Amino acid sequence: MKKYISLFPVLFLTVLFAAGGLLLPGFLMDRQQHSLSEKTETMLLPVVSDLPGSRGFRKFSTEKLLQVASSYSFENSGMDYWLTYTPEEGQLTTEELLQVAHQQIDRLCKLEILPKQFSSENYTYEGVEHGIPWPVDKKETEDSDIRNSDCSGWVVSGGNSDLSVTACVNSVSGRILYLYASWNYTGSASRPGSKTDILKQYLKYLELDQEPVSLEETPECASCIFDRYDHYILDVMIISEENHPENEEDILGLCSLSISILNRTTGSGTESEIKSQ
């Protein structure tokens, strides 16, 4: 009897190890799958607060930003010929785009460049396209003359029944370097500010390392130029139409705003090649 009793702990441990050998691999596999799922969700759904800094976007020098932004100007025909281009490593990806676009639009609202109704909760983006702008006179592309990837960007458009927006978001800096927006407004709410004030706030948004040497406003637009880059003109144009009732609360208006950087020397927005700085 004592012999059988002494064997009982050995048999118990044998059964315990056998059960552990069957259950432990499944437990570890479930845990590994759960961890992988969490990592995948994190990669596909980047947190807005982590953008753009942690995603590797960089700040341009004043000259580089003016060169790149002028390539997005419709007036300079830079986007009349738009080459499809896949974002490179470190550039703004498809998964990140809408979050960054919402974030940047909201920054423009906080700076009072756009009215609060352009907040990301109030409309959705409809059209999305990625590429590199090519001057209208460059109809042929050669391997030796492909545009610098710093010019690559997204054209995003959207809106609702009361507003619309088209923004060019640069893939390298994550900044809006061209903007066209229009909206309806009533009374003093969402009424456009002065062109000069919007221009100053947009300069603040760009965080340039050089101040403009001149700033002027005409009935059509406000503009500024820079000392060493006086052929680049930052242009803010507002067109506003409204009725003029006696009671200001009854005002109904329609406003359009465009912000662009023009290159007056090339006539095409960019040079054929932009050197990295």
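Buried means under 20% relative accessible area. R175, at 14% relative accessibility, therefore counts as buried. The model shown in these views is predicted.

Figure 1. The order along the sequence is α-α-β-α-β-β-β-β-α-β-β-β-β. Of the 277 residues, 43% are buried. The accessible surface is about 15,900 Å², and carbon and sulfur atoms account for 55% of that area. Among contacts between residues at least 6 apart in sequence, 65% join residues at least 24 apart.

Figure 2. Mean pLDDT for the chain is 75, with 66% of residues at 70 or more. Where pLDDT is low, predicted coordinates should not be read in detail.

**Figure 3. Helix α2 (residues 62-71): largely enclosed by the rest of the structure, because nine of its ten residues are buried.** The buried set is T62, K64, L65, L66, Q67, V68, A69, S70 and S71. One of them, K64, forms a salt bridge with D150, at 2.7 Å from N to O. K64 sits in helix α2 and D150 in the loop between β2 and β3 (153-159), so the pair ties together parts 86 residues apart in sequence. Both K64 and D150 are buried. R58 joins K64 and D150 in a network of salt bridges.

**Figure 4. Strand β9 (residues 252-263): antiparallel pairing with β5 and with β8.** Eight bridges connect β9 to strand β5 (residues 176-186). In that pairing, L257 of β9 stands opposite A181. Eleven bridges connect β9 to strand β8 (residues 232-242). Here S258 of β9 is the bridge partner of M237. Ten of the twelve β9 residues are buried, so the strand is largely enclosed by the rest of the structure.

**Figure 5. Q117: a buried residue in the loop between α3 (94-110) and β2 (124-134).** Its relative accessibility is 18%. The Q117 side chain reaches the backbone oxygen of N184 at 3.4 Å. Leaving out residues up to four places away in sequence, Q117 touches N122, Y123, D162, L163, W183, N184 and S190.

**Figure 6. E207 and R175: a salt bridge with its closest N and O atoms 3.0 Å apart.** The pair links distant parts of the chain, 32 residues apart. E207 lies in the loop between α4 and β6 (214-217), and R175 in the loop between β4 (163-170) and β5. E207 is partly exposed, at a relative accessible area of 37%. R175 is buried, at 14%.

**Figure 7. E217 and K195: a salt bridge with 3.5 Å between the closest N and O atoms.** E217 belongs to strand β6 and K195 to helix α4, 22 residues apart. At 42% relative accessibility, E217 counts as partly exposed. K195 counts as buried, at 12%. The structure holds four salt bridges. Side chains of opposite charge can pair when their charged atoms come close.

Conventions: Residues are numbered from 1 along each chain as its sequence is written. This is a predicted model: local features need pLDDT of at least 70, side-chain atom pairs count only at pLDDT 80 or more; totals for chains, interfaces and linings use all residues. Side-chain values use heavy atoms; hydrogens and water are left out. pLDDT is the predictor's confidence in each residue, from 0 to 100. Buried means under 20% relative accessible area, exposed over 50%, partly exposed in between (1.4 Å probe, protein chains only). Helices (H or I, at least four residues) and strands (E, at least two) are DSSP runs, numbered from the N terminus. Contact means heavy atoms within 4.5 Å. Accessible areas come from the Shrake-Rupley method with a 1.4 Å probe; for residues, only the protein chains shown count as cover. Two strands pair if DSSP finds at least two bridges between them. A polar contact is a pair of N or O atoms within 3.5 Å; within protein, one must be able to donate a hydrogen and the other to accept it, and residues adjacent in sequence count only if both atoms are side-chain atoms. A salt bridge is a side-chain nitrogen of Lys or Arg within 4 Å of a carboxyl oxygen of Asp or Glu.
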